Amino acid sequence: MFVSNKSHLLINRLAINKCKYSTRTESVLKGFTAAIGNTPLVKLEKISHELGCNILVKCEYMNPGGSVKDRAALFLIKEAIKSKKIAHLQQKDAPLPLVVEGTAGNTGIGLVHICNSLGFKCHIFMPNNQSKEKVEYLSALGAEISQFPPVAFTDPNNYNHKAREFAEKTPNAVWTNQFDNTQNRQAHIETTGPEIWNQTGGKVDAIVFGSGTGGTLAGCSIYLKEKNKDIQVFSADPQGSVLYHFFKHGKLERTEGSSITEGIGQGRITENLKGALVDDALFVHDMEAVNMTFRLLHEEGFFVGATSGLNVAGAVQVAKILGPGKTIVTCLCDTGAKYMNRLYSRSELEKRNLIEAVPVQYRRYLKP
């Protein structure tokens with residue numbers, strides 16, 4: 001079937017229009033992607049009172065795909081369409097556009113949701129140490145899933161390299177490359193950073209985020225430092241990652257241990273992280289992250305994953321560094337629903353020697 005260049009441009013323009021970030025000024029939003037972003041900024045009342053600071057959290061689990069990664073997923077797909085890496089053009093016998101990504105879970109979930117809304121297919125490559133719930137979630141959404149043993153990025157068998165190789169040999173497929181495609185960072189320069197600035201009325205003293213790809217930390221730092229160079233930017237890093245020592249001492253040296261958190265921590269400096277305007281780094285032990293996760297649930301009402309606990313534990317550290325009266329912003333990345341068999345499991349916490357991190361009065365609610 002012949003399709004004119006004019007028709008090709010029109011169809012691609014329709015796809016790009018469906019990938020727009022919305023400022024939510026409309027009463028009725030148009031489609032899935034219009035609901036991405038503009039998440040509430042909420043003060044943690046009890047924790048803020050304890051510290052004498054304003055600890056504010058962006059409720060990123062309220063994105064339609066359920067996590068902060070919806071933002072990056074939107075910009076990655078939008079860039080792939082605009083640059084014609086994939087053709088959103090249905091010709092007779094032509095393969096559907098296929099988005100391929102290496103992801104620990106949430107970026108993949110965001111990508112599959114957006115692909116479904118556009119009529120694309122999605123193939124996710126991931127390490128085989130991720131929560132069972134994430135894998136089941138991706139499968140239920142309609143993604144093809146390939147899992148590989150977790151190995152260093154320098155190893156050719158790393159799941160990201162497998163994703164790239166698969167996309168290169170598959171017609172009308174694109175590897176969105178969340179770690180090194182700086183459209184990830186751009187999503188936060190154009191959306192999250194401005195939202196934080198506007199929601200605080202410009203009265204923000206510090207931001208703190210854990211990093212996996214580095215998009216949230218770098219993007220928000222670039223935008224907010226441009227608005228006010230005195231805003232302090234902190235990286236919060238889990239066990240087993242190199243970023244704490246990198247930002248502190250300029251060395252790619254891992255801290256000891258491995259972490260119960262998923263999707264954060266890094267063994268290298270990604271393209272998204274390059275140029276991040278980080279003032280200081282914090283090391284957050286799993287004991288702190290898990291403790292805060294359960295405090296967020298039982299004292300503040302937020303059912304979240306351990307990465308969110310790490311973020312808020314990092315914000316607490318920042319509050320103690322900066323002193324009373326400061327406003328510190330971080331985010332709640334996703335809900336705890338995908339971590340029931342790990343983070344909210346007594347047996348799993350005991351196996352990891354983390355049961356003591358859960359306040360005694362809350363242990364009765366754990367799964368066996």
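His-161 is buried, with a relative accessible area of 13%; buried means under 20% relative accessible area, exposed over 50%, and partly exposed in between (1.4 Å probe, protein chains only). This residue lies in helix 6, residues 159-168. Helices (H or I, at least four residues) and strands (E, at least two) are DSSP runs, numbered from the N terminus. The side chain of His-161 reaches the backbone oxygen of Phe-153 at 2.5 Å. That is a polar contact, a pair of N or O atoms within 3.5 Å; within protein, one must be able to donate a hydrogen and the other to accept it, and residues adjacent in sequence count only if both atoms are side-chain atoms. Neighbours within four places in sequence aside, His-161 is in contact (heavy atoms within 4.5 Å) with Phe-153, Asp-155 and Pro-156.

This is a predicted model, in which local features need pLDDT of at least 70 and side-chain atom pairs count only at pLDDT 80 or more, while totals for chains, interfaces and linings use all residues. Residues are numbered from 1 along each chain as its sequence is written, and side-chain values use heavy atoms, with hydrogens and water left out.

## Strands 3, 4 and 5

Strand 4 (121-127) has six of its seven residues buried, so it is largely enclosed by the rest of the structure. Strand 3, residues 98-102, pairs with strand 4 in the parallel sense over five bridges; two strands pair if DSSP finds at least two bridges between them. Gly-102 has Phe-125 of strand 4 as its bridge partner. Strand 4 is also joined to strand 5 by five bridges, and these two run parallel. Here Ile-124 is partnered by Ile-145 in strand 5.

From strand 4 the chain passes through helix 5 to strand 5 in a right-handed β-α-β crossover. A crossover is right-handed if, with the strands pointing away from the viewer, the path from the first strand over the helix to the second runs clockwise. Strand 3, helix 4 and strand 4 also make a right-handed β-α-β unit.

In helix 5 (residues 132-141), the buried residues are Glu-133, Lys-134, Val-135, Leu-138 and Leu-141. They pack against helix 4 (106-118), strand 4 and strand 5 (144-148). After helix 5 comes Gly-142, with a positive phi near 110 degrees.

Helix 11, residues 306-322, has 17 residues and reaches 24 Å from its first C-alpha to its last, close to the 24 Å expected at 1.5 Å a residue. The expected span is 1.5 Å times one less than the number of residues.

## Two asparagines with positive phi

Most residues other than glycine have a negative phi. Asn-177 has a positive phi near 55 degrees and sits in the loop between strand 6 (173-175) and helix 7 (183-199). Its relative accessible area is 16%, so Asn-177 is buried.

Asn-353 has a positive phi near 60 degrees and is found in the segment after helix 12 (346-351). At 64% relative accessibility, Asn-353 counts as exposed.

## Cysteines

The structure holds zero disulfides, a disulfide being a pair of cysteine sulfur atoms within 2.5 Å. For Cys-59, the nearest cysteine sulfur is that of Cys-331, 9.6 Å away. Cys-59 is buried, at 2% relative accessible area. Cys-333 is in no disulfide, and the nearest cysteine sulfur, that of Cys-331, is 3.8 Å away. Cys-333 counts as buried at 10% relative accessibility.
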